Amino acid sequence: MASLRLTFPEKDQPTVIALTGARLTIGRLPFNTIQIIDRTVSGFHAELISEHGHYRLHDRGSSNGTYVNGQKVSDYHLNEKCTISFGTVEAQFSPEDVASGEEAETFPSRGEVNAVRQENAEMRATVSALREEIAALRKEHQAAEGATVSRDEYEQVVVEREALKEKRLRHEEEINLLRTDLAILKRDRVNLQLAYDGAQREMEQMRRKLNGEEEKPALPPVEAAAAVAPGG
């Protein structure tokens, strides 16, 4: 595995980077695979492209140029150890593996980067949904606060509720009295009907007396049966 050993003036120890992946970008901006924060390095300075088992160095139109062993290059096949300069920052390239026991930084592959990007997109969607839910809850909370009545209004509502209770009790008492009166009226109606029937009978008796009609006494049952002629 090829490696790149970067030397920064402000650091005592060089930074060793294990080169993996088909394409590695180098520059000052954080979007690059290998970020070199130095004013002599362009935002997108150069790139390393894997070709047939080795890397090809390609300058991306940097302001201060890319150099290999002191010679300015635009495209260069890295087949052996050499010194690469990005602006004033030097790096030692080696096509061999990193020495045993030496720590080296590695960078994710394109597939891993895409997976992380997908995960970030899903997380952003989740955060957006949570923000919408929080906004909805805030609206409900504000609406609830707006609907809160003052203490005076609450006490007024309590007074009105008690007055309604008393009014309902009075109505129930009036209904009970009306029911009692109705029962009395029904009883009086029965008595009046009986009195009316009695008066009707008395009037009928008086009419018969005035017309000279007398009521015949009812015959005993035996005499009444003998008075009936045989054969009808």
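**Figure 1. Salt bridge between Lys 165 and Glu 162 in helix α2.** In this predicted model, the side chains of Lys 165 and Glu 162 meet at 3.9 Å, N to O, as a salt bridge (a side-chain nitrogen of Lys or Arg within 4 Å of a carboxyl oxygen of Asp or Glu). Both residues lie in helix α2 (residues 151-210), three residues apart, about one turn of the helix. Helices (H or I, at least four residues) and strands (E, at least two) are DSSP runs, numbered from the N terminus. Lys 165 is partly exposed at 39% relative accessibility, and Glu 162 is partly exposed at 37%; buried means under 20% relative accessible area, exposed over 50%, and partly exposed in between (1.4 Å probe, protein chains only). Residues are numbered from 1 along each chain as its sequence is written, and side-chain values use heavy atoms, with hydrogens and water left out. Because the model is predicted, local features need pLDDT of at least 70 and side-chain atom pairs count only at pLDDT 80 or more, whereas totals for chains, interfaces and linings use all residues.

**Figure 2. Salt bridge between Glu 204 and Arg 207 in helix α2.** The closest N and O atoms of this pair are 2.4 Å apart. Three residues, about one turn of the helix, separate Glu 204 from Arg 207. Glu 204 is partly exposed at 31% relative accessibility, as is Arg 207 at 39%.

**Figure 3. Salt bridge between Arg 23 and Glu 47.** The closest N and O atoms are 2.8 Å apart. The pair links distant parts of the chain, with Arg 23 in strand β3 (residues 23-27) and Glu 47 in strand β5 (residues 46-51), 24 residues apart. Arg 23 is partly exposed at 37% relative accessibility, whereas Glu 47 is buried at 8%. The structure holds six salt bridges; Glu 51, Arg 56 and Asp 75 are linked in a network of such contacts.

**Figure 4. Strand β10 and its neighbours in an open sheet.** Six strands follow the order β2-β1-β11-β10-β7-β8 with antiparallel pairing, where two strands pair if DSSP finds at least two bridges between them. The edge strands, β2 (15-18) and β8 (71-73), each pair on one side only. Strand β10 (residues 82-86) is largely enclosed by the rest of the structure, because four of its five residues are buried. Three bridges join β10 to β7 (residues 66-68), with Tyr 67 opposite Ser 85.

**Figure 5. Hairpin of β10 and β11.** Five bridges join β10 to the antiparallel strand β11 (residues 89-94). Ile 84 stands opposite Ala 91, and Phe 86 has Val 89 as its bridge partner. Two residues lie between the strands, and Gly 87 takes a positive phi near 65°.
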